[in-house]
Amino acid sequence: MESAQLESPNFASLIERFTAKGFSEGKSFTLWFLENIYRLDAVDAADAVCDAQNDKGVDAIWVDELNKEIHIFQSKTTQNNNSKIGDNVLKTFIGTLSQFDTSHKVSEILDGNANQDLKNLLQRQSIGPLVDKGYKVVGIFVTNQLPNADTEEFLAKHDSLILYDRAKIANDHVDLETEGGIDDKYTFSVSYAGCLNVNVGKQAEVFVFPVSATAVTGLKGIGDASLFKRNVRYSLGNTDVNKSITASVRDKAEHLFFPLYHNGITIICRYANLDTETEEITISNYVVVNGAQSLTTFYNNSKFLSEDLRIFVKVISLNDERLSRKITLNSNNQNAIKAKDLRSDDDLMNRLSQEFAKGGYGYNFEIKRGEKFGNDGPVISNDEAGRMLLAFDLRRPFSCHQIYKVFDENYSEIFGRPEVDAQRIVFLRDLMNLINEEIKGLKNGPMSSYALTKYFILSVVREIIDTNQNAKLIANSKKLRDNAKYISLFKALKSIVPEIINDLNHLVDDQSPDFDYKADLKSPEKTKAWRLELLRTYEKDVKRSKATSLVEYLA
């Protein structure tokens, strides 16, 4: 990413996805940062944000369980590309952080006149009890400005502050559109313990050797993830695996034992040459197919690395794309984070992909991120399909932010059913398009843009459809979209969905002052209770001729 993208007027387009939802520039920047730089899931990022009047100077809070830290964020944006941060805003931010350094102070905020969203956030993340447990409060200051000498001097005296300025954000940003793989050469020293060299038939040559972590961080393409993208795309976020690696990296007593805990790095390259005299191996045209998490963790924690921290590297030299793909899959099949990518070769996914390709539905079905299609039709990704099926068929909208459930523990339950075909997914996409259009009528703006809300509404639509036998038959039909009954059902739903949202407005209005929709939408009990309440309201209104009756359209 070029730092110029964070300058005005480019900055506006960078955060446009969030400002288009009605968020302020500051909140939009915070959300963008949490998703793209802190690499949080969209729901987790939204859960962390608090940006409203009387928020005590807090824009977001996120708990780092691994390092036992409470990260408090404050963001500052400017349209003056020449302005510098200075130290005044950082001095003020230090005062903000002091409001959370004891559980007593946190309790005072909860009992005071602070914004309710902040109070909900403090309670939802148990900030008071965590402070009592010794969690350290760390300030994260985020800005599209650049520092000056006063900034650097102030930061040097306050280790509880971390600055993400324009340059650091640009450096840490992962450009998902970057071309994958590195068309360059790189040389490793194998003098530490030598190199195992094995020929595998005529197809490949394999080299295995240990090197220091500092040596592998010299590979190009770690910062923008282009080193990892030619094959499986890896999750580079704050996963449990990353946290475990980080713990080992930051504990120097563990460095000597690192090769015992971790599987190492696998590099596929076009050419490799081992020079036994210089004890060096040079590779070219290379890509990392396993070990992205280790590499990015080393890269992000470079100041903790030592010569004792070594990792095994396996270099495979070949020129066979099919074999390369097979190596990629088999070298990653032990890692749950890769579940979505590994399912891309599963029979259930391939069957759906073929149905979309042959069915003429006007949609492309994406089973692997970055997949190219021969037309410009809209795309339905398999994770979106899985979430919709999870909410509509299985009535679990509260789990739709947990993508691992779609491709891991609930995969067969979601996709492995006779009724799940391309037509059903298209039907759900049509429903979701309708919900996305009408959800703007939800008076609580932040709730309307919260990812789980639309899936909750989808589950309510399912409950209403099930009240009418004809509607149930149409929704479960193998002949959708092109028949009159389907068209009639959608005419009815175009009236019913706004009515659901209107009733949801009343339900939200009736909640207590400390209402926390983010917590409630993740609760199986709360979402079930809300769904039944909205269903009862709908049925009462139909009897009173105050709501759209499915019978009128489907008789």
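Is F415 buried or exposed? At 1% relative accessibility, F415 counts as buried. Buried means under 20% relative accessible area, exposed over 50%, and partly exposed in between (1.4 Å probe, protein chains only). This is a predicted model: local features need pLDDT of at least 70, side-chain atom pairs count only at pLDDT 80 or more, and totals for chains, interfaces and linings use all residues. Residues are numbered from 1 along each chain as its sequence is written, and side-chain values use heavy atoms, with hydrogens and water left out.

Now the rings. The structure holds 25 aromatic pairs. Rings of Phe, Tyr and Trp (its six-membered ring) pair if their centres lie within 6.5 Å; planes under 30 degrees apart count as stacked, over 60 as edge-to-face and the rest as tilted. F407 and F415 have ring centres 6.3 Å apart and planes at 25 degrees, so this pair is stacked. F407 is buried too, with a relative accessible area of 2%.

Y450 and Y517 have ring centres 5.5 Å apart, but their planes stand at 80 degrees, so they pair edge-to-face. Both Y450 and Y517 are buried. F33, Y38, W62, F73 and Y164 form one aromatic cluster.

The charged end of R310 sits over the Y192 ring, 3.7 Å from its centre. That call needs NZ of Lys or CZ of Arg within 6 Å of the ring centre and within 35 degrees of the ring normal.

Finally, Y261. This residue is partly exposed, at 44% relative accessible area.
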